[in-house]
Amino acid sequence: MPYIRNMARFWNEATMASGTRKAGFDENPQTQFEAGSRKAPLRVPAKRERVKLGEGGRFVIPAAMREEMGVKPGEDLILHVENGELRVRSWLQNLRRVQAELSALKKPGESVVDEFLKERREEQRRSDERLDRLHAEGTARKGAK
């Protein structure tokens, strides 16, 4: 700890003496990348990150992981617990996975939409028949009184 305190004191004295104190991103400015001058840095995707659970059970997904998942702030996510582990999947990725699984069940040349509409029309026809029957029974009871 004494080393850290000494370094902090040295830093404060040096910045006070120079009269310029940089803060935030200006402390260590990033140099401009020249495409032809050197090779692009090798980007290794983040496999594991340590995050802190905040108030209300919130945590931040690190930027490298969000990029690898293909999600941006504000997008919907699907969360589930499997064997005691929290799994996070993007809504779009989950939709594509479900579509792929269900497309394997579809017969070639079969129209899922046409089948759905046929079932809905049959269901509506049965509902209409029931409503007509109940209306006829109610009218007959009213007339019998």
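In which strand is S90 found? Please look closely at that strand and its setting.

A: S90 is found in strand β2. This is a predicted model, so confidence comes first, with pLDDT as the predictor's score for each residue from 0 to 100. The protein chain averages a pLDDT of 78, and 68% of the residues score at least 70. Confidence is highest in strand β1 (residues 77–82), at a mean of 93. Helix α1 (residues 2–18) has the lowest, at 52.

Now the place of the strand in the chain. The protein chain has four helices and two strands. Their order from the N terminus is α-α-β-β-α-α.

Strand β2 covers residues 85–90, and V88 belongs to it too. Take S90 first. S90 has a relative accessible area of 5%. The cut-off for buried is under 20%, so S90 is buried. Beyond its neighbours within four places in sequence, S90 is in contact with M69, V71, D76, L77 and I78.

Next comes V88. V88 has 28% relative accessibility, so V88 counts as partly exposed. Residues up to four places away aside, V88 touches I61, M69, L77, I78 and L79. The C-alpha atoms of V88 and L77 are separated by 6.7 Å. Along the chain, these two residues are 11 apart.

Last, the wider setting. Of the 145 residues in the protein chain, 6% are buried, and S90 is one of the buried residues. Among contacts with a separation of 6 or more, 6% join residues 24 or more positions apart. The protein chain exposes about 14200 Å². Carbon and sulfur atoms supply 55% of that area.

Methods
Residues are numbered from 1 along each chain as its sequence is written. This is a predicted model: local features need pLDDT of at least 70, side-chain atom pairs count only at pLDDT 80 or more; totals for chains, interfaces and linings use all residues. Side-chain values use heavy atoms; hydrogens and water are left out. Buried means under 20% relative accessible area, exposed over 50%, partly exposed in between (1.4 Å probe, protein chains only). Contact means heavy atoms within 4.5 Å. Accessible areas come from the Shrake-Rupley method with a 1.4 Å probe; for residues, only the protein chains shown count as cover.
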